[in-house]
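Keep the sequence and the structure in view while reading.

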Amino acid sequence: MERTVAWNTYNKTELRKLETVSKEYRAFLDAGKTERECVTGAIALAKAAGYRDLKEIIAENGHLRAGDRVYADCMGKAIMLFIVGKKPMEKGFNIIGAHIDSPRMDLKQNPLYEDSGLAYLDTHYYGGIKKYQWVTIPLALHGVVAKKDGTVVNVVIGEDDSDPVVGISDLLIHLSAEQLQKKAAEAIGGEDLNVIIGGIPLKDEEKEPVKANMLKILKDKYGIEEEDFLSAEIEVVPAGKSRELGLDRSMIIGYGHDDRVCAFAQIKAMLDVRNTPEATCCCILADKEEIGSVGATGMHAKYFENTVAEIMNLTGEYSELKLRRALTNAHMLSCDVSAGFDPNFAGVFEKKNSAFLGQGVCFNKYTGARGKSGSNDANAEYMAKLRKWMDDAKVRYQTAELGKVDAGGGGTIAYICAEYGMEVIDSGVAVLSMHAPWEIISKADLYEAFKAYRAFLMKAE
Ligand code: MN
Ligand code: MN
């Protein structure tokens, strides 16, 4: 089958739009290195576009009408945006869903210690990472410290040019004879991911003076005591901003493209629906996908269903049965990144069914592993509709599997929403070096994802 290189199809106007979307995405990505920061970013964009907080509307016993725009935030870690459509939700609505958590290292609850004159923070990694990729690079600390008095301190260290960074050491090559014989998965162990944060001892302090000095700095600068780590969520992430990659600036290298590239394309598509759509539009940005969509803010939780019930209640449409019908009659794009074909590792791909950078948004009819296990396998009839919607809107798209049969595999939130009986398919952006500290995407694929999600929201019935 023929494949179109998206870059070959653009005129000057489209290239300008593509650059605008890329620039806006990079600003969103650089400001959103945690799920909480992404929610804050999404709320700011939504508010500026006239979205109101669902909680406030519920509190004032308000109503929703066609054309109204609302957002519903879930514990500051997941968020949904809605545009109320003209037809009853019972008849179905259009959902785009992505996740905003990314692989990283989380500080343990009791993280701070001193060893051999240096102070360290101990971590527990989150999501699937190749641990050897996370050593010897500048790292930043992002997160919150919730204190007993109810206040929450925001922490971002390592992003401003004048900030210090933190980091993890690796063994020098000169002494690595034994380490280099180990399997790559074992060369750096989970308990080796200890972050160096300081080396100056506090004067006149005899016991653990470097740790004492760190505690002094934390107290003076952030008002944080050691015990406060017990109620903190601090994520250790690559420090620094995303960059354009390639002499032609065709790509973006950045932390957390999985899955913030789809999350941003979704928000941008929602904000681009300017009129009142026929069907209600819903954008989900979920947390915890990288660890199985569990927990109160993961897709397995009930916030999505509950929020749909709230929206239907505010439009005067709610009944338990109508809610069930709305969910069953819905159409969804589960927007998550896919493996970009990498010629350096061609052996794990099957070329006819791989996603290539620059060939547009990617549809995965199924994902899964070992014979599609764990996959949502989208219906052929739904795929046929999507082909029409995408072609009508001149969206460049490709179809792909996540690698060769039996090479590995992966999953998304698709199968969870499919449990309602709605039509769901995976659709996203091809990524190189997925789950590495710095991942690579093509600007063209981001742009086509945005166009695809917009077309879906406006055309799907
Ligand atoms: Mn993902
Ligand atoms: Mn992932």
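## Manganese ion, ligand 2

Along the sequence, the residues that donate to the manganese ion (ligand 2) follow the spacing D-x31-E-x144-H. The model shown is a predicted one. The donors to this manganese ion (ligand 2) are Asp258 (OD), Glu290 (OE), Glu290 (OE) and His435 (NE2), at 2.0 to 2.6 Å. Glu290 and His435 link distant parts of the chain, 145 residues apart. Glu290 sits in the loop between β13 (281-286) and α7 (303-314), while His435 sits in the loop between β21 (430-431) and β22 (439-442).

Are these two residues buried or exposed? Residues under 20% relative accessible area count as buried. Glu290 has 14% relative accessibility, so Glu290 is buried. His435 has a relative accessible area of 17%, so His435 is buried.

## Manganese ion, ligand 1

His99 is buried, with a relative accessible area of 1%. Asp258 counts as buried at 3% relative accessibility. Which residue bridges the manganese ion (ligand 1) and the manganese ion (ligand 2)? The bridge is Asp258, and the two ions lie 3.3 Å apart.

## An open sheet

An open sheet is formed by 6 strands in the order β8-β7-β10-β5-β6-β9, with antiparallel pairing. Its edge strands, β8 (152-157) and β9 (194-198), each pair on one side only. On average, neighbouring strands of the sheet are turned by 30 degrees against each other, direction ignored.

Within the sheet, strand β5 (residues 104-115) pairs with strand β10 (residues 232-238) in the antiparallel sense over 2 bridges. Met105 stands opposite Val236 in β10. Helix α5 (residues 209-222) lies across β5, β6 (118-126), β8 and β9, and runs at about 125 degrees to β5.

## The largest pocket

The largest pocket has a volume of about 1100 Å³. Its lining is made of 40 residues, and those nearest its centre are Ala339, Leu402, Gly409, Met434 and His435. The elements β15 (338-339), β19 (409-410) and α10 (414-418) give two or more residues to this lining. His435 also coordinates the manganese ion (ligand 2).

How values were computed
Residues numbered from 1 in each chain as written. Chains lettered and ligands numbered in written order. Predicted model: local features only at pLDDT ≥ 70, side-chain atom pairs only at ≥ 80, totals over all residues. Heavy atoms only, no water. Donors = N, O, S within 2.8 Å, 3.2 Å for Na, K, Ca; no water. Helix = DSSP H or I, 4+ residues; strand = E, 2+ residues; numbered from the N terminus. Buried < 20%, exposed > 50% of the residue type's maximum accessible area, 1.4 Å probe, protein only. Pairing = 2+ DSSP bridges. Axes fitted to C-alpha atoms, helices over the stretch in contact; angles between N-to-C directions. Contact = heavy atoms within 4.5 Å. 1 Å grid on protein atoms, 1.4 Å probe; cavity = no way out; pocket = protein on both sides within 12 Å on 5 of 7 lines; lining within 4 Å. Points joined across faces, edges and corners; volume = space filled by probe spheres on them.
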